[in-house]
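Subject: Structure handover

Hello,

Here is the structure you are taking over. Please open it beside this message; my notes follow below.

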Amino acid sequence: MTLPHGVTIHATTAEKYEQILTPEALAFAAALQREFNPVRKQLLQARIARQARIDAGEAPDFLPETRHIRESEWTVAPIPADIQDRRVEITGPIDRKMIINALNCGAKVFMADFEDSTTPTWENVLDGQINLYDAVRRTITFQDAKTGKDYALKPQTAVLFIRARGWHMEERHLLVDEEYMSASLFDFALYFFHNAKELLARGSGPYFYLPKMESHLEARLWNSVFIRAQELLGVPQGSIRATCLIETILATFEMDEFLYELRDHSAGLNCGRWDYIFSFIKKLAADQSMLLPDRSQVTMATPFMSKYSRLCIKTCHRRGIHAMGGMSALIPIKNDPEANEKAIAGVRADKEREANNGHDGTWVAHPALVPVALEVFDRIMPAANQITKQLPDFHATSAELLEVPSGTITEAGLKQNVAVGLGYVEAWLRGIGCVPLFNLMEDAATAEISRAQLWQWVHHHARLEDGRAVTSELCDEYIDAEIAQAKEAYPPARYEAYTHAAFLMRELIRSPRFQDFLTTPAYARVLDHEVYTA
């Protein structure tokens, strides 16, 4: 493999990856890294400074310096024809079978996810790029070795979006000028370099989801990357379209600003509900009055979540663009018809709430739920979208967006947080970033809520509804019980992954300061072992 000047790969690279890691593609990625990584690092330092101010008592609020953007009249660029209608979107990891099934399932959009549902091993990331290269060209096929079943694309498929990893992540298998590559730029650069012109020739475009941003300045950085990438490859400006996930508590106060920064490249905003709850705990971790009840009680009907959702709708529709609803993590329950019908009814009610509020589409986690969500949006939203629904009488104050929900903290909620946190981290360490647990599809966002609640309950001296104090020792008891079950149920290699997951969970719960992301220390363990084989 020929590498451009200053590029180093710290991984064993199979011959098949030379299709993706071409000298030209790597030179393109390196050019973006050299220009934009210094700004990325400055913005990450700004996150730390902002967090220090919040810890000292500064409440998140709408920014006075950008008031003119919120109050002036402007709209984003017109919506491309193939994404006018986004009523149901499905998301999932970037493995070959998943991509084919998701593109075929009847959803309007498939978001292929390099982030929350993918463990970023070198092989996972590069196999994902190969799979997407083939999917864009409609040559992707797969044969299941266990069943012998063949998979291929149908004539009509979903529109493809890509979620790159967040600004905080690094691709530690590749260095540019002896510095780790930004994972965001790495994922974006390889996909864009190989597929942008092909997508445009096929009547679509390079479409992206942008995760976990905390400031409109981070959106501005993405916009700068888009402009330069299009310039370097001779792609028309405005070809890229990106949906920002509003999944941090700080971002909810800068929705107008996000759209403004990306106005020539915007595909709207999305309510990333699970990461949003996690961010609510994380950013306000120093405030001991911020104590959330069981995760199951924090729904989209909770006042602060409902306000955030409708503020997203009002903001997007005023600017002429989509406001996408959130993920239903429920999945079909095959062996219990009564429980399955109850789960389906829950999904239907959730989607009816979103459609009636004014969302232009929604997310589901499983192909079987696509018809359920489609029926709701077809019934309530007969047009391609409902951007004309402006919500002129709706207003959300800072206090309402920060209102702590009421509820209870239960033993069942504590046990579930332990089980979900362990079960997900164990799978992640084995290279699996999306896993069904307790009839829910769990990814990094939902696992983050589980471990964040455990930290908050321990450090804010919460009590269970039976009066017991939530302590690290009590958490240890439930972790020990889960580990004992794992030892009986799984082979030694998988049990080893459980023990590493337990060690990490204990560290995160006991840490005096809330740790920003569980995937950061988990990634360090993946780099040490690459994967824990099952």
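Is cysteine 244 buried or exposed? Cysteine 244 has a relative accessible area of 2%, so it counts as buried, the limit for that class being under 20%. Please keep in mind that this is a predicted model.

Cysteines

Searching the whole structure turns up zero disulfides. Cysteine 244 takes part in none, and the nearest cysteine sulfur, in cysteine 316, lies 9.2 Å away. A disulfide would need the two sulfur atoms within 2.5 Å. For cysteine 434, the closest cysteine sulfur belongs to cysteine 105 at 14 Å, which is too far for a bond. Cysteine 434 has a relative accessible area of 22% and is therefore partly exposed.

Strand S6

Strand S6 covers residues 159-163 and is mostly covered, with five of its five residues buried. In a regular strand, side chains alternate between the two faces of the sheet. In S6, Val159, Phe161 and Arg163 point one way, while Leu160 and Ile162 point the other way. Both sets are buried.

S6 has two pairings to look at. Strand S3 (residues 109-113) runs parallel to S6 and is joined to it by five bridges; here phenylalanine 110 stands opposite leucine 160. Strand S9 (residues 207-210) also pairs with S6 in the parallel sense, over three bridges.

Aspartate 82

Where is aspartate 82 found? Aspartate 82 sits in the loop between helix H2 (67-71) and strand S2 (88-92). Its relative accessibility is 24%, so aspartate 82 counts as partly exposed. Leaving out residues up to four places away in sequence, aspartate 82 touches Val159, Gly203, Ser204, Gly205 and Tyr207. Among these, Val159 belongs to S6, and residue 207 falls within S9.

With serine 204, aspartate 82 also has a polar contact between side chains, at 2.6 Å. For a sense of distance, histidine 10 is 72 residues from aspartate 82 along the chain, and the C-alpha atoms of the two are separated by 39 Å.

If you want a place to begin, display aspartate 82 together with serine 204, then move on to S6 and its partners S3 and S9.

Regards

Note on methods
Residues numbered from 1 in each chain as written. Predicted model: local features only at pLDDT ≥ 70, side-chain atom pairs only at ≥ 80, totals over all residues. Heavy atoms only, no water. Helix = DSSP H or I, 4+ residues; strand = E, 2+ residues; numbered from the N terminus. Buried < 20%, exposed > 50% of the residue type's maximum accessible area, 1.4 Å probe, protein only. Contact = heavy atoms within 4.5 Å. Polar contact = N/O pair within 3.5 Å; in protein donor to acceptor, adjacent residues only side chain to side chain. Pairing = 2+ DSSP bridges.
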